[in-house]
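Hi,

Here is the structure I promised to pass on.

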Amino acid sequence: MQIDLASFVSQSDRDLENHMRISDFIAGEPKAFENDPVTSHVTGSAFVVNSERSHVVLTHHRKLKCWLQLGGHCDGVRDVLFVAQREAYEESGLSWIRPLSSAIFDIDIHEIPENAKGPAHLHYDMRFLFEADMCDPLKITDESEDLAWVALDRFEDYTDEHSVLVMRDKLRAFAQG
């Protein structure tokens, strides 16, 4: 399934700008879904919530050294919802994760700093909302230093990453109907 950018509902000027930028990027970059270390690329993220919508799985990213949502590179796959779910399984060890919608929950564009694999570049990150059972144990993988179910009202104890806090605020609005 190819992702439908029209499924994204902009809720702010930030959303509108990111939607236009990712649309232009995908239309103009033939390697948009590849993991090429010298070009920017599309990534897929999973905001995994519990059934009560009160907690979210965050990972303390081993390379970036901060708490983030689960996610990763498309590696040539254009079905970004699938990529986000695949990455959520791989990075969390959860045994059951279901999408709450096929619509894009958030779009974020952020810079990845220069590293041993290549120069600084942008991640055009499509983020989706998923649900999992908090009783299912989390299992730390080689991509994480830690994993946690984090209460929405405790996010600032873990992260000050604006893009993660934006998703938390969108989740609150989503949970209220």
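**Pockets and cysteines**

Seven elements each give at least two residues to the lining of the largest pocket: strands S1 (41-49), S2 (55-61), S4 (70-73), S6 (106-112) and S7 (121-132), plus helices H2 (80-92) and H3 (162-175). Helices (H or I, at least four residues) and strands (E, at least two) are DSSP runs, numbered from the N terminus.

The model is predicted: local features need pLDDT of at least 70, side-chain atom pairs count only at pLDDT 80 or more, and totals for chains, interfaces and linings use all residues. Numbering starts from 1 along each chain as its sequence is written, and side-chain values use heavy atoms, without hydrogens or water.

A pocket is an open set of points on a 1 Å grid over the protein atoms alone, where a 1.4 Å probe fits, with protein on both sides within 12 Å along at least five of seven lines; lining residues have an atom within 4 Å of a point.

The largest pocket has a volume of about 1100 Å³. Its lining has 40 residues, with His 61, Leu 64, His 73, Ile 112 and His 123 nearest the centre.

The second largest pocket holds about 200 Å³. Its lining includes Phe 8, Phe 105 and Phe 174. H3 contributes most there, with three residues.

The search found zero disulfides (cysteine sulfur pairs within 2.5 Å).

Best wishes

Conventions:
Grid points are joined across faces, edges and corners, and a volume is the space filled by probe spheres set on the points.
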